[in-house]
Amino acid sequence: MTATIITPKNTDPNSEPESHPNLENIPEIYPESQPEKVISLEEFLVKPPDRMEWVDGNLVEKTGMTFQHGLAQSKLSTSWRNYKNSSGQGGEVVTEVLCRTSKQGRRPDVAYITPELLPKSGNFTAFSQSFPLIAEVASPEDSGEELFAKAHEYLESGCLEVWLLFPEARLIFVNAGQRWRLFNADEVVNTQSVLAGFSVAVSELLA
């Protein structure tokens, strides 16, 4: 970008400027921008910004939530919460609460914490490992490859079971550490190793 500077022909300070001055294009000088501060994972976990994840040294905002995404997230969290109460298994169901994996700082869409792992204080900023049971709901901006990679990251960091929900395709994938199981729209999906005995129709979650 350049700024146009008007310079009179007559340089006598006591004389009036000419009506037709010369125009010179002189580059406008801007101060150098300050580099964005990079924080470590440890610093991020102490006071994490809302809706932010820490991924490979970058702060990444969770975006792209649609009505279908939010509805599936709400239905699943309510279903898990009602079942853990009615079955007497206890624990807690949370949404988008920060946890630390072996690599990153993540906010799963839905997660279940067993009673044994609940902090005695009853409060925490970031869970020290992956939650035992985690669900991620695909949004239009998510790629399947990235979601499956994230699921394996959870499984390598203390998670025992991962659900991947695809509302638009009406499909649910479940992995309890060995292989992926696919549940179609006309099937009933059930937990494999955590929150024992829970089941729900796929069509009910992804209507």
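Student: What pLDDT does the chain average?

Tutor: The chain averages a pLDDT of 83, and 81% of the residues score at least 70. Residues 1–11, however, have a pLDDT below 50, with 27 contacts in the model beyond near neighbours in sequence. Over residues 26–37 the pLDDT is also under 50, and the model has eight contacts for this stretch beyond four places in sequence.

Student: How should predicted coordinates be read where pLDDT is low?

Tutor: They should not be read in detail there.

Student: Changing topic: where does glutamate 96 lie?

Tutor: Glutamate 96 sits in the loop that runs between β5 (92–94) and β6 (99–100).

Student: Is glutamate 96 buried or exposed, and why?

Tutor: Glutamate 96 counts as buried because its relative accessibility is 17%, and the cut-off for buried is under 20%.

Student: And which residues does glutamate 96 touch?

Tutor: Leaving aside residues up to four places away in sequence, glutamate 96 touches Arg51, Lys62, Met65, Gln73, Arg107, Pro108 and Asp109. With glutamine 73, the side chain of glutamate 96 makes a polar contact of 3.3 Å.

Student: Now the largest pocket: how much space lies in it?

Tutor: The largest pocket holds about 530 Å³ of space. It is lined by 26 residues, of which Glu53, Arg106, Asp142, Glu146 and Lys150 are the closest to its centre.

Student: Which element gives the most to that lining?

Tutor: That is α3, with six residues. The elements giving two or more residues are β3 (52–55), β4 (58–61), β9 (133–137) and α3 (144–155).

Student: How do the lining residues divide into nonpolar, polar and charged?

Tutor: The lining has 15 charged, six nonpolar and five polar residues.

Notes
Residues are numbered from 1 along each chain as its sequence is written. This is a predicted model: local features need pLDDT of at least 70, side-chain atom pairs count only at pLDDT 80 or more; totals for chains, interfaces and linings use all residues. Side-chain values use heavy atoms; hydrogens and water are left out. Helices (H or I, at least four residues) and strands (E, at least two) are DSSP runs, numbered from the N terminus. Buried means under 20% relative accessible area, exposed over 50%, partly exposed in between (1.4 Å probe, protein chains only). A polar contact is a pair of N or O atoms within 3.5 Å; within protein, one must be able to donate a hydrogen and the other to accept it, and residues adjacent in sequence count only if both atoms are side-chain atoms. Contact means heavy atoms within 4.5 Å. pLDDT is the predictor's confidence in each residue, from 0 to 100. On a 1 Å grid over the protein atoms alone, a cavity is a set of points where a 1.4 Å probe fits but cannot get out, and a pocket is an open set with protein on both sides within 12 Å along at least five of seven lines; lining residues have an atom within 4 Å of a point. Grid points are joined across faces, edges and corners, and a volume is the space filled by probe spheres set on the points. Ala, Val, Leu, Ile, Met, Phe, Trp, Tyr, Cys and Pro count as nonpolar, Asp, Glu, Lys and Arg as charged, and the others, Gly among them, as polar.
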